[in-house]
Amino acid sequence: MDLWTDSILVFLALTSLLLLGSSRLFHCIRIVAFQGILLGLLTLVAHRGALSLRPLALATAIIGLKGVAFPWLLARVLRDAEVQREVEPLVSYTVSMLIGTLMLALSLWLSQRLPLPTTPIASLLVPVALFTILAGLFVIISRRKALNQVLGYLVLENGIYTFGVGLVQGTPMVVELGVLLDVFVAVFVMGIALFHINREFDHVDADRLVVLRDWTP
Amino acid sequence: MIAALLLLPVLAAVITFLLRPDAPRRVLLVATAFGHTAITAGTWVVQPASVLGGWLQLDGLGRLFLSITSALFLAAAVYSAGYLQRERRGAREDFEEGLLFANAPEPTFTSCLLLFLAAMTLVTVSHRFGLLWVAVEATTLASAPLIYFHRQHRSLEATWKYLMICSVGIALALLGNFFLAVAASDAGGAPVPLVLEQLINAAPHLHIAWLKAAFLLFLVGYGTKMGLAPLHTWLPDAHSEAPSVVSALLSGALLNCAFLGILRVQQVCVAAGEGPFGQELLVDFGLLSMALAAVFIVGQADYKRMLAYSSVEHMGILTLGVGIGGTATFGAMLHAVNHSLTKAMLFLVAGNILAVYQSKSTSEVRGVLRVLPVSGMLWVAGLFAITGSPPFAPFLSELTILKAALDQGRNLVAIAYLVFLALIFVGMMSIVLRMAQGVTERQPGTPEPALAIIPPAALGVLVLLLGLYIPAALQRVIEEAARALG
């Protein structure tokens, strides 16, 4: 079991790192989809052994939403957009990867210093969760396409969920499903907004949404 | 009763979405608002039973914020019945850039409005932290389509910023939830469920470092939603681009709900003996928000943005009040009521001015008192109220906070507070008085529509009355709310 958990966590970290270095938007969507499936598997192994209905249902919901529904929705928006499908980062891919590696080191260092009252399911859990959170935040601020910001939000959410699933036991099903539902509606509403942005502006560049401000230079 | 409060707006939202004719849909909106307010008023007399094993219940804090939300929604619903009637159908010209745009379909708007009410109600009654998070995120999602009612690119930009910034902020609050769970995972041998009362009972056994970290994440996460500087960046855009009735709800009800999220975790901190840690942070954020608002209000060129920055200022005052503690907590709770009523009134009046002048620019609007006598009078009165002039209610609550700061010997805080209030007073007055007076070529037209006047006027009368006399029942509710924060 531990081998499974560890390899899933390593793959999680790798997908986040890969996302920082990918140039094609379709490719990015696929990476995030893969990460969603990993997250579903992590839910299964986190409930050590006891393969009851609850983790099974939750894992199915996660894989269904994060691995299938979101990527499908975002890929559709991208197809309709008919715009350039490059990521167009504000920070180059090489520098992004470099920063990613630094963030990974930072997460490892930080997790060494966190006094945990309970033992997590794997020693890699906290650093991987922290790294995924940081990577998500970095994608949100360093990428130009609005679609990429949605992907960044998803990765951030994945990181937070990783932290929760590995450390916190006994979250009621209603709350977990509620959180999942909220994320689903959030991505859905963002998808609709993306669709409108594309129709209104003929581009999906978030850094050109700059009309509203207090002082014009 | 709690179930009725939640189900009524949800049910009405479904019906309004399906209802094709306009008139019954607007009637249903107003009727639901009346029903919600009536049930809320009922909770003042009868303590409602808790639902879902204590997850949903109404305590002092919840009752105060629920009442504010419900009252504001009633005013907004009546106003929007008239507003939707006046909005023209089909494509029309945008007054700022001359581009063509249309409105979002009215059923969508109405049902989102009602879902927004349901989500805010859920925030006020949630005692389970996870559920509270779900509810706060739901308010963001229900209100995003409301901001994009006028389908043009500026409101779309505002909606996108609102969605992204608030979602990321609230995601951090979710991490705060998990941190709180870690803090409670080893309290006296067994993990404590994240229900407010049980956490407060187990507070001495919580892991302090994790609790502090959780508080920080909650403060940053819900603080983003509340519009605390420097996390307020979405707020002026969303408030200025949304229809005025939505701005009124965002400013008067939604920001308070986010504040409630912070207060809930502060309650746990107080019980764990870590109250001063949170309070120091709240004082800092409060003063920073007031300072930033002062900078942006002076010389502001857009009167709806001016009101938005004033909301940042007042959120600062609320956090400052809770941060100072003691009688200032009472002042802050009273101020939450006063600010909400006053700010909602001002946004509704701003909507009336915008409808006639077709401009949000402070330099293009002149002679409001002559062109729109009633709205003009409310505009000036509201501005005196929001800047804390007697005899209006915000004066009382701001004075209470100042007095508490001085009593505790925090003179520097008191001085900074006064300086910012004075700057904002001067900044807003110079803008508003020029708008109200001045020479314009416009002639007073037809009398102003009743539905556009009655809601802000009613709110204005309330603000004036509360300034003169606080009813015993309200006093009791506010004291109960303040007691919860120690």
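Two strands pair if DSSP finds at least two bridges between them. The legends below describe close-up views of a predicted model.

**View 1. The open sheet of chain B has 3 strands.**
The strand order is S1-S2-S3, and the pairing is antiparallel. At the edges lie strand S1 (92–93) and strand S3 (150–151) of chain B, each of which pairs on one side only. Strand S2 (residues 100–103) of chain B runs antiparallel to S1(B), and 2 bridges join them. Glu93(B) has Leu100(B) in S2(B) as its bridge partner.

**View 2. Helix H1 (residues 2–18) of chain B has a length that agrees with its residue count.**
At 1.5 Å a residue, the 17 residues of H1(B) should span 24 Å, and the end C-alpha atoms are 25 Å apart. Which residues of H1(B) are buried? They are Ile2(B), Leu5(B), Leu6(B), Leu8(B), Pro9(B), Ala12(B), Ala13(B) and Thr16(B). These buried residues pack against helix H2 (22–45) and helix H4 (106–125) of chain B.

**View 3. Helix H3 (residues 60–86) of chain B packs with H4(B).**
The two axes cross at roughly 170° and come within 9 Å. H3(B) and H4(B) are therefore roughly antiparallel to each other, since angles over 145 degrees count as such. On the H3(B) side the contact is made by Gly62(B), Phe65(B), Leu66(B), Thr69(B), Phe73(B) and Leu84(B). They meet Glu106(B), Leu117(B), Met120(B), Thr121(B), Thr124(B) and Val125(B) in H4(B). By class, the contact of H3(B) with H4(B) has 7 nonpolar, 4 polar and 1 charged residues.

**View 4. Helix H5 (residues 129–147) and helix H6 (residues 153–183) of chain B pack together.**
Their axes are 10 Å apart, at an angle of about 175°. That angle makes H5(B) roughly antiparallel to H6(B). Residues of H5(B) in this contact include Phe129(B), Trp133(B), Val136(B) and Ile147(B). Among the residues they meet in H6(B) are Tyr162(B), Leu163(B), Ile170(B) and Leu180(B). The contact of H5(B) with H6(B) has 13 nonpolar, 6 polar and 1 charged residues.

**View 5. Chain B touches chain A.**
In this contact, 34 residues of chain B meet 34 residues of chain A. H5, H6 and helix H9 (234–241) of chain B each supply at least two residues of the side that touches chain A. Which helix gives the largest share of that side? H6(B) does, with 17 residues. The residues of chain B on this side divide into 20 nonpolar, 6 polar and 8 charged.

Pro230(B) is in the loop between helix H8 (208–226) and H9 of chain B. Pro391(B) lies in the loop between helix H15 (373–386) and helix H16 (393–407) of chain B.

**View 6. Leu52(B) and Gln358(B) have positive phi values.**
Phi of Leu52(B), a residue other than glycine, is near 60°. Leu52(B) sits in the loop between H2 and H3 of chain B. Leu52(B) is partly exposed, with 15 other C-beta atoms within 10 Å. For Gln358(B), phi is near 55°. Gln358(B) is found in the loop between helix H13 (327–357) and helix H14 (368–371) of chain B. With 13 other C-beta atoms within 10 Å, Gln358(B) is partly exposed.

Definitions and conventions: Residues are numbered from 1 along each chain as its sequence is written. Chains are lettered from A and ligands numbered from 1 in the order in which they are written. This is a predicted model: local features need pLDDT of at least 70, side-chain atom pairs count only at pLDDT 80 or more; totals for chains, interfaces and linings use all residues. Axes are lines fitted to C-alpha atoms, for helices over the stretch in contact, and angles run from 0 to 180 degrees between N-to-C directions. Helices (H or I, at least four residues) and strands (E, at least two) are DSSP runs, numbered from the N terminus. Angles under 35 degrees count as roughly parallel, over 145 as roughly antiparallel, 65 to 115 as roughly perpendicular and the rest as oblique. Two residues are in contact if their C-beta atoms, placed from the backbone, lie within 7 Å. Ala, Val, Leu, Ile, Met, Phe, Trp, Tyr, Cys and Pro count as nonpolar, Asp, Glu, Lys and Arg as charged, and the others, Gly among them, as polar. The expected span of a helix is 1.5 Å times one less than its number of residues. A residue is buried if 20 or more other C-beta atoms lie within 10 Å of its own, exposed if 12 or fewer, and partly exposed in between; C-beta atoms are placed from the backbone.
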